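Student: Please take me closely through one part of this structure, then what surrounds it. Keep it brisk, and give me the cut-offs as you go.

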Amino acid sequence: EKDKGLIRDSWESLGKNKVPHGIVMFTRLFELDPALLTLFNYSTNCGDAPECLSSPEFLEHVTKVMLVIDAAVSHLDDLHTLEDFLLNLGRKHQAVGVKTQSFTVVGESLLYMLQSSLGPAYTTPLRQAWLNMYSIVVSAMTRGWAK
Ligand code: HEM
């Protein structure tokens with residue numbers, strides 16, 4: 001319950017500015033693993049990560065990711081209701097060539113975004129609370145890789 005409060009309070013302000021925060025997260029992601037850029041088969045001929053992240057297709061994906069996080073935060077009390085959705089989302093990511101190991105880097109990028117936007121409010125318990133929720137989301141998505 002304490003975890004949920006930490007997550008909800010921190011998302012309160014971040015969730016109002018999804019795109020900018022999502023851009024921080026994905027900028028970090030592409031810094032940590034530039035090869036992930038190549039999985040986005042958009043017809044945009046963007047050269048580097050900053051350029052890609054300013055294209056409408058990438059911004060749309062950033063928005064989609066933030067909406068999934070938003071849904072998870074809204075459903076902290078009944079995350080299991082998102083299971084089917086997340087399993088299917090996992091399948092779609094398997095289909096575009098994402099490896100489940102990449103979700104570790106995505107998690108690091110999420111924490112990086114939280115840290116840079118929350119500043120001193122980014123505490124060890126808060127970090128752990130987010131990691132717990134993120135691992136539930138990732139394990140549901142990962143089931144999409146199973147045959
Ligand atoms: C769709 C790549 C992480 C949420 C897609 C698509 C690609 C992609 C190529 C299809 C094109 C599109 O709809 O834009 C990636 C890569 C990731 C990643 C490379 C990092 C390893 C995530 C995460 C989430 C997410 C962490 C949310 C937790 C979505 C959603 C869609 C999507 C909601 C739309 C699915 C649909 O059409 O039903 N992703 N993605 N993605 N992604 Fe990701």
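Tutor: A polar contact is a pair of N or O atoms within 3.5 Å; within protein, one must be able to donate a hydrogen and the other to accept it, and residues adjacent in sequence count only if both atoms are side-chain atoms. This is a predicted model, where local features need pLDDT of at least 70, side-chain atom pairs count only at pLDDT 80 or more, and totals for chains, interfaces and linings use all residues. Residues are numbered from 1 along each chain as its sequence is written, and side-chain values use heavy atoms, without hydrogens or water.

Start at the ligand. The shell around the ligand holds 14 residues, and Y42, H61, K64, K92 and H93 come nearest (near: a heavy atom within 4 Å). Y42 puts a polar side-chain atom 2.4 Å from a ligand oxygen. The most comes from α4, with four residues. By type, the shell has nine nonpolar, three polar and two charged residues.

Now S10, in helix α1 (residues 2-14). Why does S10 count as buried? Because its relative accessibility is 6%, and buried means under 20% relative accessible area, exposed over 50%, partly exposed in between (1.4 Å probe, protein chains only). The S10 side chain reaches the backbone oxygen of L6 at 2.8 Å. Beyond its neighbours within four places in sequence, S10 is in contact with L118, L126 and W130 (contact: heavy atoms within 4.5 Å).

Last, T44, for contrast. T44 sits in the loop between α2 (18-32) and α3 (49-52). T44 is partly exposed, because its relative accessible area is 23%. Set aside neighbours within four places in sequence, and T44 is in contact with S55, E57 and F58. How far is T44 from L6? Their C-alpha atoms are 38 Å apart, and the two residues are 38 residues apart along the chain.

S10 is buried, whereas T44 is partly exposed.

Key:
Helices (H or I, at least four residues) and strands (E, at least two) are DSSP runs, numbered from the N terminus. Ala, Val, Leu, Ile, Met, Phe, Trp, Tyr, Cys and Pro count as nonpolar, Asp, Glu, Lys and Arg as charged, and the others, Gly among them, as polar.
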